Amino acid sequence: MLDIKRIREDYEGVKAAVEKRCKGDFGLSKVPELDAKRREILVKVEQMKNRQNTVSKEIPKLKKAGEDTSAIMAEMKELSAEIKELDAKLTEIEKKLKDTLLGIPNTPYKDVQTGEDDSDNLELRKFHEPRNFSFEPKAHWDIGTNLGILDFETGAKITGSRFTLYKDKGARLERSLYNFFLDTNTGVNGYTEFIPPFMANANSFLGTGQLPKFEEDMFKVDNGYYLIPTAEVPLTNIHANEILSYDVLPLNYTAYTPCFRSEAGSAGRDTRGLVRQHQFNKVEMVKICAPEESYNELEKLTANAEYLLQQLGLPYRVVRICTGDLGFTAAFKYDLEVWMPSYNRYVEISSCSNCEDFQARRAGIRFKRSKDSKTEYCHTLNGSGLAVGRALAAILENYQQEDGSVVVPEVLRPYMGVDVIT
């Protein structure tokens, strides 16, 4: 959520930043009027309550002196009714203001290039060139089906479309990947591992920005809970409404979870195979840090995700996301895209975002530099480390052999117990 003080003091600057996203003002134009009305009522109510308190203290003295207090009592009764009416109006305006602020996306960082969509994203670097095949390569859904390790038909029978049944070495490869990701994140990269709940309440989703804007993209269950679309939600909310000590920052958290997304509005896009599923596995990385360190931490986070791809030997590239393709909560974002021969293009496998204080304001995540210093909002960052299903798909396609077998990347062989899937 954007800082109301910032909007109040630099409305034109915030407006220009929001409009760089190329999708209108998201209700920002309503904020100054609502804020002014709220402040006007607050001042009026405060004056009336001060009057009420002052007179209330005088009434007993007047009574003791034998004076008639009926007129003053009538005035206080009328004043109390006016205060009650204004308090109700204030509550209504504050709700409108909060709801409006919750619908406004984060403002892009100054270094984010202006653009309308992903065609304006900037490629920064590549690792490995795509492999030149001496045969016609197959798509991962055909490879997995032919090897008997991915069963899309049975997954659809059990649940519905975009659910997959992993079998035998397919299940082992999936498990090997997320164990490798977790072992590397905790061992090499120094993250603390968690197993969080796979459901969260509305407040948690509000804190990380999925609610209220993206409710249609989520699966809601009984009791007002939602299935998580990413472990970013529970990991970030570990410290919701807390004041942390500066000495513990930065915090580096990682978790494996299944993720659930309704993929509303994605009909016809990447519907075959593992790229766009309603349920998929992912290992997430989250950082909570002091504001001045967040962009250094973003580079570390991105390097951690890249290291995983490098260890797998998969061709990938890093792109810097433009304003028009920036996620709702992100001020700056890198995408890591892995090469997929079946698509003949790079496909996102990790997004590494700096949300600055946007999520921290919503979730109440603060810190103090010392015992006597004022509280400040933390900066939060998140990135996939990595999307497991997409990593498995990329391995099947990039390591496939002409005879239909798939070579297992060397770093996964201790987990798999085999060098080749046949």
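Predicted model: local features only at pLDDT ≥ 70, side-chain atom pairs only at ≥ 80, totals over all residues.

Colleague: Why is Thr-302 called buried?

Modeller: Buried means under 20% relative accessible area. Thr-302 has 1% relative accessibility, so Thr-302 counts as buried.

Colleague: Where does Thr-302 lie, and what does Thr-302 touch?

Modeller: Thr-302 lies in helix 10, residues 294-312. Leaving out residues up to four places away in sequence, Thr-302 touches Arg-125, Tyr-334, Leu-336 and Cys-352.

Colleague: How do you know that helix 12 is mostly covered?

Modeller: By counting: 11 of its 11 residues are buried. Each is therefore under 20% relative accessible area. Charged residues are by definition Asp, Glu, Lys and Arg; the buried residues of helix 12 include Arg-390 and Glu-397.

Colleague: What describes the packing of helix 7 and helix 12?

Modeller: Two packed helices are described by the angle between their axes and the distance between the axes. For helix 7 (residues 169-187) and helix 12 (residues 388-398), the angle is about 115°. The axes are 10 Å apart. The crossing is right-handed.

Colleague: Which residues meet there, and what makes that a contact?

Modeller: Contact means heavy atoms within 4.5 Å. From helix 7 come Gly-170, Leu-173, Glu-174, Leu-177, Tyr-178 and Phe-181. From helix 12 come Val-388, Gly-389, Ala-391, Leu-392, Ile-395 and Leu-396. By class, the contact has 9 nonpolar, 2 polar and 1 charged residues. Gly counts as polar, and Gly-170 and Gly-389 are among the residues that meet.

Colleague: Why this spacing of positions along a helix?

Modeller: An α-helix has 3.6 residues a turn, so residues three or four places apart point the same way.

Colleague: What is the volume of the second largest pocket, and which residues are closest to its centre?

Modeller: The volume is about 280 Å³. Of the 17 residues that line the second largest pocket, Thr-164, Leu-165, Tyr-166, Gln-279 and Asn-281 are the closest to its centre. Helix 6, strand 3, helix 7 and strand 9 each give two or more residues to the lining. Helix 7 gives the largest share, 4 residues.

Colleague: How does the lining of the second largest pocket divide by class?

Modeller: The lining has 8 nonpolar, 7 polar and 2 charged residues.

Notes
Residues numbered from 1 in each chain as written. Heavy atoms only, no water. Axes fitted to C-alpha atoms, helices over the stretch in contact; angles between N-to-C directions. Left-handed = near helix turned anticlockwise from the far one by under 90°. 1 Å grid on protein atoms, 1.4 Å probe; cavity = no way out; pocket = protein on both sides within 12 Å on 5 of 7 lines; lining within 4 Å. Points joined across faces, edges and corners; volume = space filled by probe spheres on them. Buried < 20%, exposed > 50% of the residue type's maximum accessible area, 1.4 Å probe, protein only.
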